[in-house]
Amino acid sequence: MASARNVTRFWEWGRKIICVGRNYADHAKELKNAVPTEPVLFLKPPSAYVKEGSPILVPMYSNNLHHEVELGVVIGKGGTAIPRASAMDHVAGYALCLDMTARDIQEECKSKGLPWTLAKAFNTSCPVSEFVPKEKIPDPGNVRIWLKVNDQLRQDGNTSQMIFSVPYLISYISEIITLEEGDLILTGTPKGVSSVQEYDELEAGIEDIVSMTFKVDRQ
Ligand SMILES: CC(=O)CC(=O)C(=O)O
Ligand SMILES: [Mg+2]
């Protein structure tokens, strides 16, 4: 039976958000992490979504919230063990995403060997743009993604720098986690991550295809 829901409002579906870490060598190096040979995966819950018009909240337990601008891939057709050759058939479109990260807490978790949940999965940790139809990005492996804080350019990368391509990621992830219509994959961030404070304004874009603006507030 056809779904009555509209995937262009995927953030309302309660589906999972699968994030890829260290997918840009320049970002892995700026945080003194090894460049991975296999994708690094973690999850955010659907309660992490926030849309323009609502603020990004600094968790009360963090003093170092970082922005990470990322290309998001919206799944249009689910599947398990999707072959790389047909992976793009499962894409409905894209979204510009921020993987907001409590860096101080992430460092603490890393040093104690604990999972990154507190650092990555808090409420408002996944600001997203409007849905971008697939046709608007013919090659997700070659688009500029950028982010400004208070009008100053902090991140300016291109998805051609990704270590693992979108088809590779869809295939790899779906071997482990079944992908469902409405799921979102965050594909990792380029270099330039930095701290944001209460009252800051973040503006980000995928080339001139889509842009979004968010204010930062304290919880
Ligand atoms: C070190 C990280 O937080 C990894 C990550 O999320 C990324 O985009 O890279
Ligand atoms: Mg990230």
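R5 lies over the face of W13, at 4.2 Å from the ring centre; a charge counts as sitting over a ring if NZ of Lys or CZ of Arg is within 6 Å of the ring centre and within 35 degrees of the ring normal. The charged end of K51 likewise sits over a ring, that of W11, 3.7 Å from its centre. The model is predicted, with local features requiring pLDDT of at least 70 and side-chain atom pairs pLDDT 80 or more, while totals for chains, interfaces and linings use all residues. Residues are numbered from 1 along each chain as its sequence is written, chains are lettered from A and ligands numbered from 1 in the order in which they are written, and side-chain values use heavy atoms, without hydrogens and water.

A search of the whole structure finds five aromatic pairs, a pair being two rings of Phe, Tyr or Trp (its six-membered ring) with centres within 6.5 Å, classed as stacked for planes under 30 degrees apart, edge-to-face over 60 and tilted for the rest. The rings of F10 and W11 have centres 5.1 Å apart and planes at 80°, so this pair is edge-to-face. F10 and Y49 also form an edge-to-face pair, because their ring centres are 5.8 Å apart and their planes at 75°. Strands (E, at least two residues) and helices (H or I, at least four) are DSSP runs numbered from the N terminus. F10 and W11 are buried, as is Y49, where buried means under 20% relative accessible area, exposed over 50% and partly exposed in between (1.4 Å probe, protein chains only).

The magnesium ion (ligand 2) is coordinated by E68 (OE), E70 (OE) and D99 (OD), at 2.0 to 2.1 Å. Along the chain these donors follow the spacing E-x1-E-x28-D. E68, in the loop between β5 (65-66) and β6 (69-75), and D99, in the loop between β7 (91-98) and β8 (101-102), are 31 residues apart. Both E68 and D99 are buried. Donors are N, O and S atoms within 2.8 Å of the metal (3.2 Å for Na, K and Ca); water is not among the atoms, so sites may look incomplete.

An open sheet of three strands has the order β8-β5-β14, with antiparallel pairing. β8 and β14 (195-196) are at the edges with a single partner strand each, so one side of each lacks a neighbour in the sheet. Two strands pair if DSSP finds at least two bridges between them. β5 and β14 pair over two bridges, and S195 in β14 is the bridge partner of H66.
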